[in-house]
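Work through the exercises below with the sequence and the structure in view. Each task is followed by a solution in steps.

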Amino acid sequence: MGRIVRAPGDFWAGAIFAGAGIAALLLGRSYRLGTLLSMGPGYFPRMVGILLTILGVATIGASLRGRGEPSEVWRWRPIVLILASVLLFGWTLERFGLVVASALLVLVACFAERERRVWEAIAVATALTFIAWLVFVKGLEMPLLVWPAITRAD
């Protein structure tokens, strides 16, 4: 009799997706949902939570049927740097603005891969920061601090 989980990498990816989806649903359950034309603050988190949960369950199901590679040993560098980049973004967005927060997010996350060159990380950070500004500030007109607020004591 073979093992139940035939693709452990897919199984754990599905578990993470489903867990994140369920967490989004639980954390956003007290927010007003609204309608499709007048979305409330809970609409987007709920839809993302539902989609992540469905994706996770489907991936777990596929891991039970298909064949896959055995799980690799966990590499801690990518896990720590990706988590640190997200936390750093959350901490810096309101303090230093979208440009600084986005650039730091991408720069720290880029170095989760050991072979990343500095100029590549800077190019990716510049492009993604510009896209974030274009989408959120110009396109969606979100009232975000773009640059750090500089105050002078006269």
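**Exercise 1.** Decide whether Phe44 is buried or exposed.

Solution. Step 1: the model is a predicted one, and within it Phe44 sits in helix H2. Step 2: the relative accessibility of Phe44 is 60%. Step 3: exposed means over 50%, so Phe44 counts as exposed. Step 4: for its place in the fold, take Gly28, which is 16 residues from Phe44 in sequence. The C-alpha atoms of Phe44 and Gly28 are 9.3 Å apart in space.

**Exercise 2.** Classify Thr53 by accessibility and list the residues it touches beyond four places in sequence.

Solution. Step 1: Thr53 belongs to helix H2, which covers residues 43-65. Step 2: its relative accessibility is 18%. Step 3: buried means under 20%, so Thr53 counts as buried. Step 4: leaving out residues up to four places away in sequence, Thr53 touches Phe17, Ala18, Gly21, Ile22 and Leu25.

**Exercise 3.** Compare sequence separation with spatial separation for two loop residues, Thr35 and Gly66.

Solution. Step 1: Thr35 is in the loop between helix H1 (8-27) and H2. At 45% relative accessibility, Thr35 is partly exposed. Step 2: Thr35 and Ile16 are 19 residues apart along the chain, and their C-alpha atoms are separated by 29 Å. Step 3: Gly66 is in the loop between H2 and H3. With a relative accessible area of 26%, Gly66 is partly exposed. Step 4: Gly66 and Arg6 are 60 residues apart in sequence, while their C-alpha atoms are 6.2 Å apart. Step 5: beyond its neighbours within four places in sequence, Gly66 contacts Arg6 and Ala7.

**Exercise 4.** How are helices H3 and H4 oriented to each other, and which residues make the contact?

Solution. Step 1: helix H3 spans residues 76-96 and helix H4 spans residues 98-110. Step 2: the two helices pack at an angle of about 170°, with axes 8 Å apart. Step 3: angles over 145 degrees count as roughly antiparallel, so H3 is roughly antiparallel to H4. Step 4: H3 brings Leu81, Ile82, Ser85, Val86, Leu88, Phe89, Thr92, Leu93 and Phe96 to the contact. From H4 come Leu98, Val100, Ala101, Ser102, Leu104, Leu105, Val108 and Ala109. Step 5: sorted by class, the contact of H3 with H4 has 14 nonpolar and 3 polar residues, and no charged ones.

**Exercise 5.** Describe the largest pocket by its volume and its lining.

Solution. Step 1: the largest pocket holds about 470 Å³ of space. Step 2: its lining consists of 14 residues, and Phe89, Leu93, Leu98, Phe136 and Met142 lie nearest the centre. Step 3: H3, H4 and H5 are the elements that give two or more residues to this lining. Step 4: by class, the lining has 12 nonpolar and 2 polar residues, with no charged ones.

**Exercise 6.** What is the phi of Glu141, and is the residue buried or exposed?

Solution. Step 1: Glu141 is placed in the segment after H5. Step 2: most residues other than glycine have a negative phi. Step 3: Glu141 is not a glycine, yet its phi is positive, at about 55°. Step 4: the relative accessible area of Glu141 is 63%, so the residue is exposed.

Conventions:
Residues numbered from 1 in each chain as written. Predicted model: local features only at pLDDT ≥ 70, side-chain atom pairs only at ≥ 80, totals over all residues. Heavy atoms only, no water. Axes fitted to C-alpha atoms, helices over the stretch in contact; angles between N-to-C directions. Helix = DSSP H or I, 4+ residues; strand = E, 2+ residues; numbered from the N terminus. Parallel < 35°, antiparallel > 145°, perpendicular 65-115°, else oblique. Contact = heavy atoms within 4.5 Å. Nonpolar A, V, L, I, M, F, W, Y, C, P; charged D, E, K, R; others polar. 1 Å grid on protein atoms, 1.4 Å probe; cavity = no way out; pocket = protein on both sides within 12 Å on 5 of 7 lines; lining within 4 Å. Points joined across faces, edges and corners; volume = space filled by probe spheres on them. Buried < 20%, exposed > 50% of the residue type's maximum accessible area, 1.4 Å probe, protein only.
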